[in-house]
Amino acid sequence: MRVITWNVAGRVTKQAQQAAALASTAADVVALQEVTARTAPLWRAALADAGFTACELALDGLRVQRKRLLGVLVAAREPVRRLPLPDGVPWPERVLCCEAGDVEIVNFHSPISPAPELAKVRAHEALAAYLADAEGPAILCGDLNTPRRELDDGEVLTFAHDSAGRLREERGERWNEAERALVFGLRQRGWVDAYRALHGYGHRSASWTFAQDRGGWRLDHILARGFEPVAAEYAHEWRRSGLSDHSALIADLRRG
């Protein structure tokens, strides 16, 4: 199964080019973040033309606040069934749970750290509690907005820490544990980080960077349960050419 996750940055003028780039990859499942009410019809049409017979959008049926217009989308070449949201998700437009065959696919776009009412912390806690109970094959993908740093031994520092690696008093341990719960905690439960499982932790591989590839973080992830990753690469050239401010992650997963 080839899976692509990509934060497409809500870009209208680049949508056709983004769709062409995706169509060239022969993916089986596409998970997009930052799809808007304006770009959703464009994406539905383009994905259908590319052979994706199923398409679910988290924005469907929601009355979203004006400041929260970014949704997530899952498209597949086989039928998918939309599943209920996990309990406690603060921003329902940012989480989409679907079932394709016997595989659960969860697309998550984490709120950024300054989001009000601890939205980021609560979202990560809700997803971690939900996924901790997963028993069958499952895939978590999306823009998780963490970690701040990955260490050579697989440990992570979250955005509860400052640039020197010190825990920030105003965020504290609850924040730290919430962010760790997905990118670190799931690995302790048998999930596999598709990219790091193949490439190790010896290089940065930021999927979002400042101008000219300066700095940045690896925010975009595919984690899988019940699968073995056989290939995983970031499409950095899509970001560098201006299609989005995020690199897509493309992973080939084989049933374990």
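# Helix packing, cores and local backbone features

The structure is a predicted model, and the values given here are computed from it. The axes of α3, which spans residues 119–132, and of α4, which spans residues 172–183, come within 8 Å and cross at roughly 45°.

**The contact of α3 with α4**

- On the α3 side, the residues that meet α4 are Lys120, Val121, Arg122, His124, Glu125, Leu127, Ala128 and Leu131, and on the α4 side their partners are Arg174, Trp175, Ala178, Glu179, Ala181 and Leu182.
- Sorted by class, this contact of α3 with α4 holds eight nonpolar residues, one polar residue and five charged residues.
- Within α4, the buried residues are Gly172, Trp175, Asn176, Ala178, Glu179, Arg180, Leu182 and Val183.
- The cover over these buried residues of α4 includes helix α3 together with the strands β7 (103–109), β8 (138–143), β10 (156–157) and β14 (220–225).

**The contact of α1 with α2**

- The axes of α1 (15–23) and of helix α2, residues 40–49, come within 10 Å and cross at roughly 30°.
- Because angles under 35 degrees count as roughly parallel, α1 is described as roughly parallel to α2.

**Nonpolar cores**

- In soluble globular proteins, nonpolar side chains tend to be buried together.
- The largest nonpolar core in this model has 26 residues, and those with the most contacts inside it are Ile105, Ile139, Ile222 and Leu253.
- Apart from that core lies another, of 23 residues, which includes Val35, Ala40, Leu59 and Ala75.
- Once its neighbours within four places in sequence are left aside, Ile222 is in contact with Val3, Thr5, Ile139, Leu140, Cys141, Val192, Asp193, Ala194, Leu249, Ala251 and Leu253.

**Backbone features to check by eye**

- Most residues other than glycine have a negative phi, and most peptide bonds are trans.
- The peptide bond that runs from Thr146 to Pro147 is cis, with omega near 5°, and Pro147 is placed in the loop between β8 and β9 (149–150).
- Ala26, a residue other than glycine, has a positive phi, near 55°, and is found in the loop between α1 and β2 (29–35).
- Glu34 likewise has a positive phi, near 60°, but its place is in strand β2.
- With a relative accessible area of 16%, Glu34 falls under the 20% cut-off and is therefore classed as buried.

**Individual histidine and arginine residues**

- His161 lies in the loop between β10 and α4, and at 10% relative accessibility His161 counts as buried.
- Leaving aside its neighbours within four places in sequence, His161 is in contact with Arg148, Arg166, Leu167, Arg168 and Asn176, and Asn176 is also one of the buried residues of α4.
- Arg239 is found in helix α6, residues 236–240, and counts as buried at 9% relative accessibility.
- Beyond its neighbours within four places in sequence, Arg239 is in contact with Ala206, Ser207, Thr209, Asp213, Ser244, Asp245, His246 and Ser247.
- Computed along the sequence Arg239 and Leu85 are 154 residues apart, and in space they are 30 Å apart, C-alpha to C-alpha.
- Arg63 lies in the loop between β3 (54–57) and β4 (71–76), where Arg63 is exposed, with a relative accessible area of 86%.
- Arg63 and Ser207 are 144 residues apart in sequence and, from C-alpha to C-alpha, 31 Å apart in space, while Ser207 is among the residues in contact with Arg239.

Methods. Residues are numbered from 1 along each chain as its sequence is written. This is a predicted model: local features need pLDDT of at least 70, side-chain atom pairs count only at pLDDT 80 or more; totals for chains, interfaces and linings use all residues. Side-chain values use heavy atoms; hydrogens and water are left out. Axes are lines fitted to C-alpha atoms, for helices over the stretch in contact, and angles run from 0 to 180 degrees between N-to-C directions. Helices (H or I, at least four residues) and strands (E, at least two) are DSSP runs, numbered from the N terminus. Contact means heavy atoms within 4.5 Å. Ala, Val, Leu, Ile, Met, Phe, Trp, Tyr, Cys and Pro count as nonpolar, Asp, Glu, Lys and Arg as charged, and the others, Gly among them, as polar. Buried means under 20% relative accessible area, exposed over 50%, partly exposed in between (1.4 Å probe, protein chains only). Angles under 35 degrees count as roughly parallel, over 145 as roughly antiparallel, 65 to 115 as roughly perpendicular and the rest as oblique. A nonpolar core is a set of buried Ala, Val, Leu, Ile, Met, Phe, Trp, Tyr and Cys residues joined through side-chain atoms within 4.5 Å.
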